[in-house]
Amino acid sequence: MPATAAERILSAAMREFAKYGFAGARVERIVSRADVSPRSLYYHFGSKRGLYDAVRERLSAQHFEDFVRGVTDEPLVDRLVANIDVAMSPRWQAWARLLMWEALDGAAGTAPYAEGTVPGDLLAIRAAQERGEIASSLDPHVLTLAFIAITFWPTMFPQSTRRLTEDMPKDELLRARKELVRALVRGLGEGAALELPAAFAPGGEQPG
């Protein structure tokens, strides 16, 4: 079934706002990419701000669908590795870049989680600590921050990632990040000694 005009506008606007932010986005580029008239855009969304709000609402809902899962009995390592795959998706990349533009603009609502919401990964790490998968002495908030950085930094900062990894091919980097997460979860267990993959071990073989 062909996409409706509203859906085409949303899809085009998602790319435009992610690339240029709200201030830099241009209505003429959006309607050209969506193959609609400016009148159609204003009919469906009222204004450029209304369109931006609709894009943000769509991406936010998809973000929560992807990441804010309830606590289950799945091993923490499975959840964290799955997060890396999700973070590679185009829609999450658009959401991440939208948040970065908002942060640069000093917007108040740039956090991906609503005020008072507990991130699903934080709940999962706390549950993993209760099961003994992660040492209970470690701060779950800092652990969540560390795993989020491993998951999302390459998506949000692709140029820096390429430089830091000396242009490591994407598939190799993806595999190495997953191996690192597995090693970290093993090494952060109660009484476990941290064992890093060879590429990350001091003096070990360096990615290149």
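User: At what angle do helix α1 (residues 5–24) and α6 pack?

Analyst: The structure is a predicted model, in which local features need pLDDT of at least 70, side-chain atom pairs count only at pLDDT 80 or more, and totals for chains, interfaces and linings use all residues. Residues are numbered from 1 along each chain as its sequence is written, and side-chain values use heavy atoms, with hydrogens and water left out. Axes are lines fitted to C-alpha atoms, for helices over the stretch in contact, and angles run from 0 to 180 degrees between N-to-C directions. On that basis the axes of α1 and α6 lie 8 Å apart, and the packing angle is about 40°.

User: Is the crossing of α1 and α6 left-handed or right-handed?

Analyst: The angle makes α1 oblique to α6, the class left over when angles under 35 degrees count as roughly parallel, over 145 as roughly antiparallel and 65 to 115 as roughly perpendicular. A crossing is left-handed if the near helix is turned anticlockwise from the far one by less than a right angle, and right-handed if clockwise. For α1 and α6 the crossing is left-handed.

User: What separates the C-alpha atoms of Trp95 and Met156?

Analyst: Trp95 sits in helix α6 (residues 90–105), a helix being a DSSP run of H or I of at least four residues and a strand a run of E of at least two, numbered from the N terminus. Its relative accessible area is 1%, so Trp95 is buried; buried means under 20%, exposed over 50% and partly exposed in between, with a 1.4 Å probe and protein chains only. Trp95 and Met156 are 61 residues apart along the chain, yet their C-alpha atoms are separated by 9.7 Å.

User: Which residues of α8 make the contact with α7?

Analyst: Helix α8 (residues 140–156) packs against α7 at about 120°, with the axes 9 Å apart, and the two helices are therefore oblique to each other. Their crossing is right-handed. From α7 the contact draws on Asp121, Leu122, Ile125, Arg126 and Gln129, and from α8 on Pro140, His141, Leu143, Thr144 and Phe147.

User: What is the phi of Asp35?

Analyst: Most residues other than glycine have a negative phi. Asp35 is placed in the loop between α2 (27–34) and α3 (38–45) and, at 63% relative accessibility, counts as exposed. Although Asp35 is not a glycine, its phi is positive, at about 60°.

Methods:
Contact means heavy atoms within 4.5 Å.
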